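Morning, everyone. Let me put the model on the screen, and then we'll walk through some of its helices.

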Amino acid sequence: MVGFSHCFYLTFFAAGAALPTTIGWFDAFGHPDHILMMAILTGIIYLNIGFIIGAINNYRYGNKKEALTAQIVWFVLEAGIVFLALGFIIPSIGMIGFAIGGALLVASLGLLLYGGGAYGIMDIFGYMGDIISFSRLLALCLSTGGIAMTVNILTVMCGEMIPFIGIVLAVIVFIFGHIVNLLFQSLGAFISGLRLNYVEFFSQFYMTGKNKFQAFGVNRVYTKLKSDN
């Protein structure tokens with residue numbers, strides 16, 4: 001959304017002009033850290049929804065250990081991180097936050113060991129990777145606005161530096177460049193959205209079928225053979 005707002009603005013205004021349609025806090029060029037925080041927060045919320053669905057599915061099929069060690073464990077880990085952060089931020093909480101947070105972190109590690117042994121600890125890196133993967137949303141914002149700004153700069157250069165036909169080339173560069181940017185970035189947003197859903201989100205709760213696939217056929221009881229004679 002932020003990247004598209006940059007593209008929309010740069011399509012109609014000269015490069016370097018003030019941006020009246022974008023709130024400064026959401027400006028990907030001015031405050032990319034804000035967009036990154038929003039993307040990471042979106043990832044955490046999205047994954048937690050997947051964990052809830054996955055825990056419900058495992059509980060319904062009787063996989064209580066799987067629900068505890070593959071989904072619920074991450075809520076315990078996140079709660080531990082929250083209490084540790086509160087201990088640092090709010091002095092009045094202090095050691096209480098550290099104690100509760102530390103206990104929850106140890107409990108989450110124990111659950112991972114219980115579920116997958118020593119290899120279960122490695123799931124922490126997968127969890128972090130799934131969240132960090134949402135940072136691609138910042139990349140989409142920056143690339144969309146950056147390419148649009150480049151098209152505007154090239155448009156101005158063609159109009160000012162090329163005599164006679166410069167204005168014609170400027171119009172062609174301006175229209176063609178922004179159309180290509182819009183199509184390219186729309187495709188990128190679509191593909192990135194699919195990836196975040198199928199790889200990061202669906203993997204938290206998707207369960208394969210219980211029965212193996214059997215090809216269609218005929219179950220014969222009696223077979224008659226006709227001879228050519």
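Which residues are buried in α5? Ile 124, Tyr 127, Asp 130 and Ile 131. Buried means under 20% relative accessible area, exposed over 50%, partly exposed in between, with a 1.4 Å probe and protein chains only. Helices are DSSP runs of H or I, at least four residues, numbered from the N terminus.

Quick ground rules. This is a predicted model, so local features need pLDDT of at least 70 and side-chain atom pairs count only at pLDDT 80 or more, while totals for chains, interfaces and linings use all residues. Residues are numbered from 1 along each chain as its sequence is written, and side-chain values use heavy atoms, with hydrogens and water left out.

Back to α5. Its buried residues are Ile 124, Tyr 127, Asp 130 and Ile 131. They sit on the same side of α5, because they cover an arc of only 125 degrees around the axis. That arc is taken over the directions from the helix axis to the C-beta atoms. An α-helix has 3.6 residues a turn, so residues three or four places apart point the same way.

Now the largest nonpolar core. A nonpolar core is a set of buried Ala, Val, Leu, Ile, Met, Phe, Trp, Tyr and Cys residues joined through side-chain atoms within 4.5 Å. This one has 11 residues, including Leu 47, Phe 51, Trp 74, Leu 111 and Tyr 127. At least two come from each of α2 (32–60), α3 (64–89), α4 (95–116) and α5 (123–132). α3 gives the most, with 4 residues.

Take Leu 47. Leaving out residues up to four places away in sequence, Leu 47 touches Tyr 127, Asp 130, Ile 131, Glu 200 and Gln 204. Contact here means heavy atoms within 4.5 Å.

On to α2. It has 29 residues and reaches 42 Å from first C-alpha to last, close to the 42 Å expected at 1.5 Å a residue. The expected span is 1.5 Å times one less than the number of residues. Gly 62 follows α2, with a positive phi near 85 degrees.

Gly 43 and Glu 200 are 157 residues apart in sequence, yet 8.8 Å apart in space, C-alpha to C-alpha.

Asn 58 is buried too, at 6% relative accessible area. Its side chain makes a polar contact of 2.8 Å with that of Gln 71. A polar contact is a pair of N or O atoms within 3.5 Å; within protein, one must be able to donate a hydrogen and the other to accept it, and residues adjacent in sequence count only if both atoms are side-chain atoms.
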